[in-house]
Every structure is written in C-alpha cells, then in structure tokens.
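Open the model in your viewer and keep the selection panel at hand. The stops below say what to select and what is there.

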Amino acid sequence: MLLDKSIPFTFLFRKIRREAMLVFLFANVVVLAKYFFHLRYLTIPIAIPTLLGTCISLLLAFRTNQAYDRWWEARIIWGAIVNDSRSLIRQLQMFLPVTPNQQMIIHAFVQRQCAWCFVLGDSLRGHEVERRLHEFLTPATVESILATDNRPNALMLEHGLAVGQLYRTGQLSDYQMVQISTTLNTLTDSMGRCERIKNTPFPRTYTFNLQLFIYLFAAILPFCFEADLYYLDVPLVTLISCAFLLLEKSAVQLQDPFENQPTDTPMTSIARTIEINLKTMTDYKEIPPKLLPYDYYTL
Amino acid sequence: MLLDKSIPFTFLFRKIRREAMLVFLFANVVVLAKYFFHLRYLTIPIAIPTLLGTCISLLLAFRTNQAYDRWWEARIIWGAIVNDSRSLIRQLQMFLPVTPNQQMIIHAFVQRQCAWCFVLGDSLRGHEVERRLHEFLTPATVESILATDNRPNALMLEHGLAVGQLYRTGQLSDYQMVQISTTLNTLTDSMGRCERIKNTPFPRTYTFNLQLFIYLFAAILPFCFEADLYYLDVPLVTLISCAFLLLEKSAVQLQDPFENQPTDTPMTSIARTIEINLKTMTDYKEIPPKLLPYDYYTL
Amino acid sequence: MLLDKSIPFTFLFRKIRREAMLVFLFANVVVLAKYFFHLRYLTIPIAIPTLLGTCISLLLAFRTNQAYDRWWEARIIWGAIVNDSRSLIRQLQMFLPVTPNQQMIIHAFVQRQCAWCFVLGDSLRGHEVERRLHEFLTPATVESILATDNRPNALMLEHGLAVGQLYRTGQLSDYQMVQISTTLNTLTDSMGRCERIKNTPFPRTYTFNLQLFIYLFAAILPFCFEADLYYLDVPLVTLISCAFLLLEKSAVQLQDPFENQPTDTPMTSIARTIEINLKTMTDYKEIPPKLLPYDYYTL
Amino acid sequence: MLLDKSIPFTFLFRKIRREAMLVFLFANVVVLAKYFFHLRYLTIPIAIPTLLGTCISLLLAFRTNQAYDRWWEARIIWGAIVNDSRSLIRQLQMFLPVTPNQQMIIHAFVQRQCAWCFVLGDSLRGHEVERRLHEFLTPATVESILATDNRPNALMLEHGLAVGQLYRTGQLSDYQMVQISTTLNTLTDSMGRCERIKNTPFPRTYTFNLQLFIYLFAAILPFCFEADLYYLDVPLVTLISCAFLLLEKSAVQLQDPFENQPTDTPMTSIARTIEINLKTMTDYKEIPPKLLPYDYYTL
Amino acid sequence: MLLDKSIPFTFLFRKIRREAMLVFLFANVVVLAKYFFHLRYLTIPIAIPTLLGTCISLLLAFRTNQAYDRWWEARIIWGAIVNDSRSLIRQLQMFLPVTPNQQMIIHAFVQRQCAWCFVLGDSLRGHEVERRLHEFLTPATVESILATDNRPNALMLEHGLAVGQLYRTGQLSDYQMVQISTTLNTLTDSMGRCERIKNTPFPRTYTFNLQLFIYLFAAILPFCFEADLYYLDVPLVTLISCAFLLLEKSAVQLQDPFENQPTDTPMTSIARTIEINLKTMTDYKEIPPKLLPYDYYTL
C-alpha cells in the first residue's frame with residue numbers, strides 16, 4: 001500500500017518507459033511519413049482525434065474505476081479477515097469452559113490463526129511459507145501442511161478438526177460448535193475471494209482495445225496541424241499519449257493487489273496487526289512490535 | 001478466461017469481420033452518393049458527428065461496464081462455489097461422529113460434489129454430461145440423474161436426501177443437519193445465479209440503438225470534410241466505426257460467460273481445482289493433476 | 001424478455017412515433033421562423049448545441065444505466081424465487097419424517113408454491129388469477145384466497161399456517177420449523193421487492209428535464225448552420241433528436257419490467273420452469289412441458 | 001412520490017425562481033460590463049465555456065445519480081419494512097400455541113406494528129404523532145411512549161418486552177423468541193437507516209462547487225460571441241444556466257426523501273398498505289380503505 | 001459533518017491556497033516564456049487542452065464519486081453502530097431473567113457500550129481517551145483497557161467476557177448467548193471497517209496523475225490563444241485550473257472522514273445520541289442533553 005507520502009519519480013514512470021519510447025518512435029514515423037510522402041494536404045479535422053480522445057478518456061475513467069474497485073475489494077477482504085480473526089478468538093474465550101486447559105487450547109488457535117494470515121499473504125505473493133509456518137507451529141504440523149497443495153486451506157481444515165474434537169469431548173455445545181464453524185466459513189470465503197482476484201486477470205481484450213485507440217489517436221493527431229512543425233507535433237503527441245498510458249498503467253498496478261509490489265494490499269502488516277491483537281487479547285507475555293513501513297509504502 | 005498473454009489477431013477481429021465489411025461498403029456508398037449527387041455543398045459542421053461520437057463513446061463505456069459486471073459476477077459465483085464446496089466437506093468432517101464409516105460417507109459427498117461442479121459447468125455450456133457423471137457416480141445413480149431435466153438440481157437433491165438420511169440415523173443432530181442444509185441452499189443459489197446469467201440475454205434494444213448511432217455517425221461524417229478526398233473519407237470512417245464496433249463486440253463476448261468461448265469463466269479448471277482441494281482434504285490416494293491451459297486461455 | 005433474435009421495426013419505433021412527429025413539426029417551425037423573421041444573422045456557435053448534446057448524452061447514459069439496474073434487479077428477484085422454491089421443497093424432503101403421508105404433505109406445498117409463483121406474476125401484470133388458482137388449489141382455498149386484497153401474501157400465509165401445523169403435530173422440530181420460516185421470509189422479501197419496483201414510478205422530474213434539454217437542443221441547433229438549408233436543417237435536427245428520444249424510450253421500456261410488454265421479466269416462463277423443477281423433484285407423474293416463446297420474446 | 005402523471009409547471013420551476021433571477025441579472029451585468037468597458041476584443045475561444053459545460057454536465061450526472069441512489073435507498077428501506085412487518089406477524093401466527101388468547105396477543109402486535117410504521121413516517125417528517133398513537137394504542141402506553149425522545153425506538157422496545165414476556169411464560173421457545181428478535185433487529189436497522197438519510201445532509205461543498213462552476217460558465221460565455229448581441233447573449237446564457245440549475249434542484253429534491261414534499265417516499269400510504277395487509281392476515285373485522293393519492297403525488 | 005448552512009469562504013479556499021499560488025506562478029512563467037522566446041507562432045489547436053480538460057473532468061467526476069462513497073460508507077458504518085447498540089441492549093432486556101440484579105447487569109453493558117462508541121470515535125481521530133473511559137467505567141477497568149494497544153477491541157472483549165459469565169452462571173441459555181455474540185461480531189465488524197477506511201489512504205498515484213493532467217493543461221492552454229493577452233491568459237488559466245483543484249480538494253476532504261475536520265463523520269454526536277437512546281431504554285435517571293453543533297458543522 002502506498003503511504004500518503006511523496007512517491008519517487010522512477011516508481012511512477014518505470015512502467016511506461018517502454019511504451020513511451022514506442023509512442024515517441026511511432027510519432028516520429030508518422031510525422032516523417034507525412035513530410036516525405038507529401039500527405040500535408042490531408043487536413044483531418046481536429047475534431048476526429050478529439051473524439052477519439054474523449055472515447056479514450058471515458059474508457060480510462062471506467063478502467064480506473066474498475067481497478068480501484070478490485071483494489072478496494074482486496075482491502076475489504078483483508079479488513080474482514082481482521083474482524084473475523086478477532087471474533088473467532090473472542091468466541092472461543094466466551095464459549096470454552098474455564099478449565100486449566102482453556103488458555104492452552106486458545107493459544108493453539110491463536111498460533112494457527114496467525115500462521116494462516118501470514119501464509120495466506122505469502123502464498124498469494126508466491127513466497128516460500130516454510131519459515132513462517134515454523135514460527136507458529138510444531139514441526140510435525142508444518143510438515144503435514146507443506147505436503148498439501150493449498151496451505152491456507154490445510155490450516156483452515158486443522159482449525160475445523162480441532163473444533164470438531166472440542167465438540168466431541170464436550171467442551172463445546174452443538175450450537176457453539178456450529179457458530180464457530182460459521183466463522184471458519186467466513187474466513188474460508190475471504191481466502192477464496194483473494195484467490196479469485198489473484199487468479200482472474202483483467203480481460204485482456206479491454207487492454208488491447210484501449211491501446212488500439214491510443215495508437216489510432218497518435219497516428220491521426222499529426223495530420224490535424226496545418227503547419228508541419230516537427231517540434232510541435234512529436235512532443236505533443238508523445239506527451240498526451242504518455243499521459244493516457246500513465247493512467248492505464250496506474251490502473252494496471254492497482255488492479256493486481258497481490259503481486260509483491262508497493263501498491264499491494266499490505267498483507268504482511270495486517271497479519272502482524274492481527275497477531276498483536278490476538279496475543280494481547282489472550283494475555284501472551286511477548287507481543288511483537290508493529291511492522292515498520294518501507295520508504296513510501298508498506299507490504 | 002483469457003490469460004495474461006498476447007492474444008491472436010484473428011480472435012480479436014473475427015467477430016467484427018462482417019460488420020467491418022458492411023461499414024466499409026456503407027462508407028463507399030455514402031461517399032460516392034455525395035460525389036455523384038453533388039451534395040458537396042452540404043457542409044455539415046464537424047461538431048454534429050463529434051456529438052454523435054461522444055454519445056456513442058458514453059454508451060459504449062457503460063455497455064463495457066455492464067458486460068464487465070456480468071463477467072465478474074459469473075466469476076464471483078464460481079468463486080463462491082469453490083468456497084462453499086470446501087466448507088461443505090469441512091463441516092461434514094467436523095460434524096460426523098468418528099466411526100469406521102465416516103470416511104466412506106464423506107467420500108460419497110466428495111464424489112457427488114465434484115460431479116455437481118463439472119456437470120453444472122458442462123450443462124451451462126450445453127455439453128453432454130453422461131461421461132462426467134460416470135467418472136464420479138455409480139451407474140444406477142447416473143441413470144436416475146440423466147432422467148431429470150435439470151441435472152445439477154437432481155444432484156443437489158441427492159445431497160439433500162443423503163443428509164436427511166444421516167439425520168434420521170442419528171449421525172447428525174438437528175442443528176448440524178440444518179447448518180449443512182444452509183450450505184446446500186447457498187450452492188443452490190449459485191446454481192440459480194448461473195442459470196439466470198445464461199438465460200437472460202442482454203437487452204437487444206440496447207444493441208440496436210448502439211448500432212443505429214454508429215451507422216448514423218458513419219453516414220454523417222463524410223459530409224463534414226470540405227474536400228472530396230475519397231482516400232481520406234472512406235478509411236477514416238471505416239477505421240473509427242470499426243474501433244467502436246470492436247469495443248461493442250468485446251463487451252458482447254464478455255457479457256456471455258458460459259458460451260464455450262475463450263472468454264468464458266474457466267468452469268472446468270475451477271471444477272478440477274475443487275476436485276483437487278476436496279480430495280486432498282479427505283485423504284484420497286490419487287489426486288488428479290491441474291488442468292493445463294490452452295494457448296492463450298483456460299476453459 | 002426480448003430473445004436474442006431480430007426485433008420487428010414497429011416494436012422499436014412505435015413508442016417514439018408521437019414524439020418524432022412532434023420534433024419534426026417543431027424543427028419545421030423553428031427553421032421557418034428563422035427564415036421569415038430574418039434571424040439568420042443570429043449565428044449561435046455550434047459549440048452551444050454540442051454542449052447541450054453532451055449533457056443530454058450523459059443524462060441518457062445514466063438513465064439507461066438506472067433502467068438497466070431496475071430490469072436486472074427484477075430478473076435477480078425472480079432468479080431468487082427459483083432458488084428459494086427449490087430450497088423450500090428440498091428442505092421439506094430432508095426434514096419431514098418418512099411416513100405414508102410425507103409425499104402428500106410435500107405435494108400440497110408444491111401445488112401452493114407453484115400457485116404462488118404464477119399468481120405473483122399475474123398480479124404484478126394486473127391479470128385475473130382465479131383460473132390459475134383453480135389449476136393448483138381446492139375450490140375452498142381458492143375462494144378464501146380471492147377474498148383477500150393481496151393474493152400472493154395470502155398464499156404465503158397458508159404456507160406459514162401449514163408449517164405451523166406440522167410443527168404442532170410434531171412432524172417438524174422447533175429448529176426445522178424456524179428454518180423453513182426463514183425460507184418463507186426470503187420469499188416474502190422477493191414478493192415485496194417486486195411490489196416495490198412495480199409501485200414506484202421512475203421520478204418524473206428526470207424525464208421532464210431530459211425532454212426539456214432535447215427540445216432546447218432542437219431549438220438551438222438550426223441557428224448554428226451558416227446557410228439556410230431547409231433540407232439539411234430539418235432532417236438533421238429530427239434525426240438526432242429522435243435518436244436521443246429512442247434511447248430514452250428504450251430506457252423507459254426496460255425500467256418497468258412488470259407491464260405485460262415484450263421487455264417484461266419472463267415471469268410466466270419462470271413460474272413454469274419452477275413448476276417443472278418442483279414436480280420432477282417430488283416424483284409427479286405428469287410434468288408439464290416448457291412454455292414456448294413468442295415470436296421474438298417470452299413472457 | 002410523484003405519480004406517473006403530468007406535473008404542474010409551478011412545482012418544477014418554483015425551486016429555481018430565485019436562482020434564475022440571479023443568473024439573469026448576472027448575465028445582464030456581464031454583458032453590459034463587456035459593452036461599456038470595451039472588453040469586446042477579449043475573444044475567449046468558445047472551447048473554454050464548452051469545457052466548463054462538459055465538467056458541469058459530468059458533475060450534474062453524478063449528482064443526479066447520487067440523489068437517485070438516496071431516493072431509491074429510502075424506497076428500498078420502506079419496502080423492507082413492508083416485508084418484515086408481514087414476516088413478523090406470520091412468524092407469530094406460526095409460533096404461538098393455539099390458545100383462546102392467541103388472537104388477542106397477535107392483535108396487540110398488529111396494533112403496535114401499525115403504530116410504529118405511521119409514527120416512524122411522521123417523526124421523520126417532523127409531524128406530531130400523538131393522534132396516531134391514540135388510534136392504535138391504549139392511553140397509558142401512549143403517554144409512556146410520548147415521554148421518550150425517540151418514539152419509534154420506544155415502540156420497538158415495547159415489542160421486545162412483549163416478546164420477552166411470551167418467552168418467560170413459555171408461549172415461545174428459546175429458539176422462536178430469538179428468531180422474532182432477529183426480525184425486530186431488522187426493523188430496528190430499517191429505522192436507523194431512515195434516520196441516517198434524514199440526518200445526513202448531502203455534502204455542501206459539492207453544491208458550492210457546482211454553483212461556482214455554473215457562475216464561472218455564465219461569466220465566460222458572453223465573451224465568446226464575436227458580435228455584441230444583447231438579445232442573443234443574455235437569453236442563451238440564462239437558458240442554459242437555468243437548465244443546469246434545474247437539473248441540480250431536481251437532484252436536491254430527490255435526495256431528501258423525508259421532507260414532507262411531493263417527491264417524498266410515500267410513507268403514509270405504505271404504512272396504510274401495511275395496516276391493510278396485517279389486518280387482513282389476522283382476521284380483523286374492519287379493514288381501512290387504501291389512501292387516495294393527491295393531485296400528482298402520494299405521501 | 002457539514003450542516004446545511006452557508007460555509008465560511010476560508011474553509012473552502014484554505015486548502016487550495018498553496019496550489020492556487022503555484023498555478024498562478026506557473027501560468028505567469030508559461031505566458032512570459034511564450035512571449036520572450038517568441039513561441040507565438042506555435043498555435044496549438046484549442047481542441048488539445050479541451051481534450052485534456054475533458055479527461056480531467058472525467059477523472060474528477062469519478063474521483064468525487066469515490067470520495068463520496070468512502071464518506072457515505074463511513075456514515076453507514078456509524079448508522080449500523082447506532083442500530084446494533086440499540087439491538088444489543090434490547091436483546092439483553094428480552095433475554096435476561098427478571099431478577100433484582102437484571103438492571104444492574106444491563107446498566108453495566110450500557111456504560112461499556114457508550115464508552116466503546118466514544119472511545120472508537122476518539123481513537124480514530126487520534127485523541128486521548130482516558131477522560132472518556134473514566135466517565136463510564138471503574139478506575140480498575142480503565143487501567144486495564146489503557147494497557148492494551150487497541151482500546152475499542154479491549155472493550156469489546158470485556159463485553160464478550162461478561163456475556164460468557166452470564167452464560168456460565170445460567171442467566172443466558174446457549175442459544176441466547178450465541179445470539180448476543182453475533183451482535184458483538186457485527187459491532188466488531190463496524191469497528192474493523194472504520195479502521196480500514198482510516199488506515200487506507202486513497203491511492204497516491206491517482207492524485208499524482210490528476211495533478212499531472214492539470215499542470216499539462218495549464219501549460220498548453222496559453223499557446224492556444226492567437227493574441228498575446230497577458231490579462232486574458234493568466235487569469236483564465238488560473239481560474240479554470242483552480243476550479244479543477246478545488247474539486248479535487250473537496251474530494252480529498254470528503255474521503256478521509258476521521259481526521260478531526262468539519263467534514264468528518266459526526267462520531268461524537270452520534271455516540272451521544274446512542275448514549276441518550278440506551279439510557280432512555282434502560283430507565284436511567286439522568287439523561288445527558290444532545291450535543292450542540294458548531295458554527296456550520298457537527299463533530
């Protein structure tokens with residue numbers, strides 16, 4: 001997540017370097033072609049590229065909006081994970097009978113829940129998760145988790161089996177058990193929604209259409225100036241096309257929130273916040289500190 | 001679902017071939033009519049087609065947005081199916097008493113759930129489902145399923161009856177049974193939402209209006225150029241109209257996500273993912289591999 | 001619901017005949033006034049009607065979107081009715097004890113549920129419902145239903161009383177009864193949402209404003225052409241204004257989905273689908289066939 | 001709620017009378033200033049006000065959309081109140097044991113629910129509610145309700161206490177009582193959502209910005225005409241600005257749906273519909289008639 | 001929350017003072033550069049800045065809409081807090097047995113719930129909460145709450161533990177306890193949603209892109225006027241750019257609703273309303289008065 005600080009120039013323009021170069025060359029080719037093939041008498045009314053520009057603006061505005069919606073949905077999902085993690089532990093504290101074992105049982109859930117949060121974030125980003133798992137779980141559990149293809153789902157199943165056991169040993173009533181099962185379902189849903197966003201690329205045809213319009217715009221614009229002003233045509237075409245491309249790339253960055261980029265949903269920080277919250281709620285001795293942000297973003 | 005790879009040219013333009021030809025001929029007719037009937041003195045201000053173009057752009061932007069919403073809703077539904085399938089099996093594992101039969105009962109649900117996922121996808125695409133059913137169910141069950149008109153619904157009813165039996169034999173308590181029934185309701189809802197999208201074509205009047213505006217635009221534009229430049233008029237009109245049509249066709253492709261096209265919701269891959277997840281959760285010996293994507297899309 | 005087929009010309013233009021005539025006369029009046037009162041020197045810049053046109057386009061785009069949302073909501077509600085009808089019957093099959101009476105009880109619910117679906121559709125369209133009721137219910141019940149002011153609500157109450165009786169005779173447990181009551185609540189909600197759409201006309205002030213803008217546009221446009229070309233002014237003004245009006249009327253058609261028009265939500269077909277589904281689920285001997293669509297639409 | 005009938009002219013324009021006058025004077029001042037201070041050589045390109053106009057159109061389109069959303073949300077809330085009122089009574093009829101008292105108990109709930117609906121509507125509109133309360137409740141109850149600051153909330157609490165009593169006297173089971181409590185929560189939510197809309201004025205800065213843009217537009221437009229045509233400048237500027245203002249005022253009317261205006265949500269009519277529905281369901285002898293609409297609206 | 005009153009000029013323009021100055025200087029630099037470097041022959045068509053302006057307008061319209069959505073979501077959350085607070089207390093009144101202790105127990109919940117509302121608001125605004133806590137809770141509780149990092153969450157946990165105790169001492173049944181736990185979950189969700197809005201700054205790249213477009217617009221516009229009119233160029237560029245900036249700043253103000261600004265969600269007033277409601281419901285002797293609004297806003 002980008003913080004509310006100034007962002008380095010390179011971060012913003014790195015992504016359009018290649019396209020900017022392409023548009024620049026393209027503009028040169030068109031302007032020179034116009035000059036050498038004597039196409040000057042082809043005065044296309046300026047209204048034509050303006051119309052294309054309006055269409056591009058509209059598509060970009062909607063594009064930006066859809067990207068924002070994906071980004072915001074990802075953030076909402078992780079907000080829900082925070083809430084449901086807290087609710088899960090509070091429910092256990094309310095439901096479990098006050099026995100000498102109570103805290104031990106709850107701590108096992110806390111560890112597993114923290115592991116789940118970190119591992120979900122790391123899996124979405126394609127990171128290794130073994131180190132994280134060892135931080136929270138016993139070596140035997142870690143091994144069995146690593147043997148599965150979907151680790152967060154395996155952890156959720158462990159949660160389920162542990163609740164099932166509490167129920168069978170009479171520590172949870174029928175109704176309480178089902179209630180906790182509902183909370184686990186909600187967490188499963190959040191996991192599935194993250195996977196959906198991760199695994200569904202934005203329709204490529206839309207990207208293609210937008211770029212087609214931008215190149216069409218860049219090809220027609222030079223024919224609208226009455227005089228052949230190389231120094232006017234090329235910079236203007238390049239600048240405006242690049243501004244459009246920059247908007248498009250910003251949307252692209254935002255729409256994929258689990259790609260280990262500065263614009264990501266700050267999953268690791270959120271997981272740490274959850275860890276701090278849960279450990280405070282359950283009287284842990286050692287509470288880890290908050291994660292410090294990077295230069296201009298958090299992860 | 002289109003992957004994040006380059007898409008063959010033919011895929012993009014195949015759909016507008018017929019319309020592009022039509023617009024090209026139409027532009028020729030208009031330009032020639034203008035020439036032969038001496039309508040040159042009819043200088044319509046360029047602002048008129050620009051205005052039409054703005055209106056077309058707006059309608060296209062909203063059209064694109066609505067198509068995207070349908071496509072995204074279809075994806076959300078299948079994401080929910082993933083979540084609810086996992087939750088259904090986890091609930092059974094939590095609720096059922098640990099008896100020698102437990103695994104056998106759960107495996108029957110896993111088989112039926114996998115069958116349901118595949119059959120739902122295949123039915124929506126209008127494919128045969130018999131082979132799929134045989135993959136997961138006994139011949140007797142397959143036959144009774146095939147005798148009904150709505151196969152996924154029949155499978156869901158089988159689920160329901162099996163749960164009812166578990167309840168009547170005392171393996172599920174009142175409350176647990178109802179809880180699983182709620183999960184089945186959610187799956188029924190997802191099925192119904194898919195059918196809704198499949199069976200509700202986008203309002204044809206909208207398509208008609210858009211094409212009316214595009215042809216009006218193509219008819220007026222040639223009258224706005226002061227000189228009679230055949231080589232300018234026809235290509236410009238054709239290019240811009242085709243760009244508009246391309247946008248419209250992209251929206252059309254996206255808005256019907258169950259038509260056995262590359263832009264479909266990847267239902268078969270998702271069903272396979274569910275199969276892998278469920279079989280891993282319930283200690284199957286043989287886990288099938290993931291489906292490989294096609295050239296530039298998955299199904 | 002319009003099918004994905006070509007639509008007769010008359011259906012599309014019948015609605016704007018009156019307005020088109022009005023705009024045509026209006027354009028004539030303005031153009032002639034301009035000619036006879038020597039207002040030619042009043043050259044209003046073309047940018048002014050363009051601006052009005054942009055504003056009209058925007059309002060129309062949003063208008064179209066809101067109409068689409070209403071239409072889609074109506075379709076979603078009827079999709080939910082399909083799902084909840086299936087769930088209601090599946091719940092009864094799961095919950096009711098296997099007694100000789102079981103099927104008879106369930107069949108009574110199936111009959112009533114089918115009646116409810118058909119009667120809801122017919123009431124929304126303002127049709128007579130007596131014939132429908134007789135198709136599914138005993139004469140005594142029909143009479144008592146017809147005596148109330150809101151027939152679908154009366155049928156829902158019958159459902160409720162029947163469930164209450166099953167509960168009091170011990171055939172449904174406390175919890176199961178409440179669960180079915182929840183399904184009835186959802187069906188009540190769907191009914192209420194249909195009534196809301198039916199009884200809430202789209203704000204008339206919006207329609208008025210749009211038409212004001214379109215007539216303002218039609219009044220100003222002729223003053224922007226430099227030459228007095230009757231054959232240019234009148235057709236252009238008429239064509240573009242009519243295109244705008246056509247868009248508006250299409251939105252109007254779509255926004256009222258329970259008016260017995262081809263653009264309606266196909267409530268009768270959906271009710272028949274529900275009937276087929278429910279009767280297949282409960283082993284009826286005679287399953288009615290699907291409804292055939294009309295020429296280019298279903299109802 | 002405005003009916004689908006023609007609306008008196010005065011209703012539409014009363015709201016912009018003051019602003020229209022202001023804009024007219026303003027246009028005169030600008031045009032005269034331009035004339036007397038010889039600012040004629042200041043030919044601002046027409047594209048500048050066009051650009052402002054486009055921006056105004058966009059803001060107005062979104063403004064209109066947001067107002068419509070508020071208006072539609074208010075209608076949805078009252079639709080939900082209809083549904084939940086019916087469900088509440090149906091639940092009681094299903095749950096309560098068949099005793100001689102049953103009908104008396106249910107009638108007490110019906111009276112209170114009707115009172116709640118009417119009183120909620122009247123409170124939102126700032127009306128007196130005492131007369132209404134006397135229509136449905138005993139004098140003692142009325143007095144205690146009037147002593148509180150939030151009358152609908154006090155009525156809801158009465159509902160709750162009555163349910164609590166039914167539970168403590170064993171007429172409702174644990175589970176049934178909680179189910180009814182859920183319905184009461186939903187009604188509380190609807191009440192809270194109405195209060196939210198009532199108590200949250202639309203952000204004033206938006207209104208301010210829009211008016212700033214409109215006045216800026218009105219100030220720049222006269223400088224774009226080449227000739228000094230008083231009779232052209234002033235009417236055009238006034239007409240277009242007023243059209244924009246009219247759009248804005250229509251949005252304002254719609255966004256505040258509880259202000260005792262013709263555009264209000266028809267809360268009194270809906271409350272009467274609920275009264276008729278509930279009384280029919282519970283075999284009242286006297287059913288009140290539907291409320292007749294006013295000239296072109298209902299309240 | 002801004003009231004529906006006129007707003008001081010300084011409040012509106014304070015925020016863009018710096019940028020307005022910057023744009024003014026920038027416009028001067030561009031206009032002077034154009035003059036001194038004889039770039040007059042560079043007549044860029046006015047359509048280019050118009051196109052940029054259209055794009056800026058579109059981005060601003062969507063920006064405004066997204067800001068409004070955040071602001072409205074914040075208001076919805078606090079509306080939900082009002083509803084759930086009332087429901088929590090009503091549930092307790094319905095569920096708890098009528099014992100001499102009942103009122104004492106409920107009053108403890110009322111105090112804690114009021115504390116939670118005030119503390120949540122104050123924490124989001126970054127205020128001290130100690131004074132508030134002392135207002136409602138015993139010194140011992142206050143101390144333990146202050147020791148945690150997330151005070152509202154600690155209060156919610158206190159609620160949970162108190163409910164757990166009521167359950168273990170048999171004053172709440174299994175089912176009732178879980179029902180109240182659901183209400184606590186909803187309140188936890190509202191808290192988490194507030195934290196999400198607070199901790200997620202709007203994507204900075206969007207702000208950057210918008211400002212880039214505005215400065216590009218301001219740089220190109222002066223080159224479109226044919227004559228070098230310093231007194232025309234500079235004010236026009238400054239005015240229009242500032243109008244755009246004003247729109248952007250209004251959006252920024254609105255999108256961060258927990259920053260102790262006049263545009264904030266009025267959390268303190270709402271918390272006081274909740275306090276009044278809850279205390280009236282539970283027969284407190286002393287009901288605090290409503291909070292008076294500030295000059296043109298409430299907090």
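How many residues does the contact take from chain D and from chain C? Select both chains: the contact takes 63 residues from chain D and 58 residues from chain C, where contact means heavy atoms within 4.5 Å.

Before going on, note that this is a predicted model, in which local features need pLDDT of at least 70, side-chain atom pairs count only at pLDDT 80 or more, and totals for chains, interfaces and linings use all residues. Residues are numbered from 1 along each chain as its sequence is written, chains are lettered from A and ligands numbered from 1 in the order in which they are written, and side-chain values use heavy atoms, with hydrogens and water left out.

**Chain D against chain C**

Stay with these two chains. The area buried between chain D and chain C is about 5300 Å², with 69% of it from carbon and sulfur atoms; buried area is the accessible area (1.4 Å probe) that two parts lose on being put together, summed over both.

Next, select D:Arg86 and C:Glu195. They form a salt bridge, their closest N and O atoms being 2.9 Å apart.

Which helices of chain D each supply at least two residues of the side that touches chain C? They are H1 (9-13), H3 (47-95), H8 (174-199), H10 (230-255) and H11 (267-281). Helices (H or I, at least four residues) are DSSP runs, numbered from the N terminus. Colour H3(D), which gives the most to this side, with 24 residues. By class, the side of chain D that touches chain C has 38 nonpolar, 19 polar and six charged residues. Here Ala, Val, Leu, Ile, Met, Phe, Trp, Tyr, Cys and Pro count as nonpolar, Asp, Glu, Lys and Arg as charged, and the others, Gly among them, as polar.

**How the copies are related**

Show chain D and chain C as traces. A rotation of 72° with 0.0 Å of shift along its axis superposes chain D on chain C, with an RMSD of 0.0 Å. That is the relation of a five-fold axis. Superposition is by least squares on the C-alpha atoms of residues with pLDDT of at least 70 in both copies. The copies use different surfaces, and 8% of the contact residues of chain D recur in chain C.

**Chain A against chain E**

Move to chain A and chain E. Here the contact takes 64 residues from chain A and 58 residues from chain E, and about 5300 Å² is buried between them. Select E:Glu195 and A:Arg86, whose side chains meet in a salt bridge (2.9 Å, N to O).

Then select chain A with chain D: these two do not touch, and their nearest C-alpha atoms are 11 Å apart.

**Last stop: Asp283**

Zoom to A:Asp283, in the segment after helix H11 of chain A. A:Asp283 has a positive phi of about 55° although it is not a glycine. Is A:Asp283 buried or exposed? A:Asp283 is exposed, with a relative accessible area of 57%; exposed means over 50% (1.4 Å probe, protein chains only). In chain D, D:Asp283 also has a positive phi of about 55°, and D:Asp283 is exposed at 59%.

Technical notes:
A salt bridge is a side-chain nitrogen of Lys or Arg within 4 Å of a carboxyl oxygen of Asp or Glu. Buried means under 20% relative accessible area, exposed over 50%, partly exposed in between (1.4 Å probe, protein chains only).
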